[in-house]
Amino acid sequence: MTANRPWIDRLVEGAARQLARRTSRRGMLARLGAALVGAAALPLLPVARAATEDPRMPPPDDSKLEGAVGDPTSCAYWRHCAIDGFLCACCGGSQNACPPGTEMSPVTWIGTCRHPGDGRDYIISYNDCCGQSLCLRCRCTRTEGEKPVYFTSRNNDLLWCFGTKSRAVHCSVAIVLGVATRS
Amino acid sequence: MTRPHAAAVLAAAVGLAAGRAGAMSGPPLDYTLACAGCHRADGGGTPGSIPPLAGSVARFLRVAGGREFLARVPGVAQAPLDDAALAGVLNWMLARFDPAHLPAGFVPYDAAEVGRLRHEPLIDVEGVRERLLEAIGHRRFSP
């Protein structure tokens, strides 16, 4: 019967059997898993660079926050106390990560927001995600601690797509860099 | 080898995703709030936009006028910090980001010196910077 099958059928079967003999399924799965996890870590690298060498502390616990202050897709989310832009959590990203296809600006503006659960002041970096047109979902403008535009480093009216391939701003993230212990 | 490697990557990814936060106070906190947005947490700057501090900032102390420049450059002079805090950040930055170029016998900035210098506006910032870089012998600082 084999001889009666089309040549392409035999070729594919032979190749498939050879592949199955030579490779381990578990090995392939392990390598694929490692690649996937590695790829997942890549978008977080700018966060790693922003991190400090100070003693590590547990992240603020949002799980006990009720309502909008604990919801990253809400303008009332506690980290958004001085954000101005479209929330990346509504645009295919999260409060920490840019949506696929955009690049996080390494240049940013930094302020503090008080966590409603533990009452501490956390240092928040508002990074723009750049490279696509405006997201236009979840527009949010809050101004706690914001300074007039002549304090450019503390003003959120500016577009912060500096040091990126594109100056087009898509949305903004709010990354916790640490906790400020000065009262 | 594959499994330990994957486990290490996973642990790193989880650690980052957890967003662990360090406690900060004093000059590191002031640096983070007033400077790190542009110069970045590691002092690396952004090529083409923001000059790096790491490995270069203390070179200014080795040429005439450099010490004054560091306190008069607009990002420093106009930082929303009082004189004492600003002096603290300057001293901390020099030691943290460029200890190798810190001259022997470096006298730390104090509030009085910084207060005096930051009130002398630096009009031709680029020109002064260019002349200092030339004196240092590193014209090709980025940007």
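**Salt bridges and burial in a predicted model**

Author: In chain A, the side chains of A:E144 and A:R142 form a salt bridge, 3.5 Å from N to O. This is a predicted model, in which local features need pLDDT of at least 70 and side-chain atom pairs pLDDT 80 or more, while totals for chains, interfaces and linings use all residues. Side-chain values use heavy atoms, without hydrogens and water, residues are numbered from 1 along each chain as its sequence is written, and chains are lettered from A.

Reader: Why is the pair A:E144 and A:R142 called a salt bridge?

Author: The term requires a side-chain nitrogen of Lys or Arg within 4 Å of a carboxyl oxygen of Asp or Glu. The N to O distance here is 3.5 Å, so the pair qualifies.

Reader: What makes A:E144 partly exposed?

Author: Buried means under 20% relative accessible area, exposed over 50%, and partly exposed in between (1.4 Å probe, protein chains only). A:E144 has 48%, and A:R142, at 21%, is also partly exposed.

Reader: How do you know whether A:D121 and A:R114 are buried or exposed?

Author: A:D121 has 18% relative accessibility, so it counts as buried. A:R114 has 53%, so it counts as exposed. Their side chains meet in a salt bridge at 2.8 Å, N to O.

Reader: What makes the salt bridge of B:E113 and B:R67 a link between distant parts of the chain?

Author: The side chains meet at 2.7 Å, N to O. B:E113 lies in helix 7 (residues 111-117) and B:R67 in helix 4 (residues 66-72) of chain B, 46 residues apart; helices are DSSP runs of H or I, at least four residues, numbered from the N terminus. Both B:E113 and B:R67 are buried.

How values were computed. Helix = DSSP H or I, 4+ residues; strand = E, 2+ residues; numbered from the N terminus.
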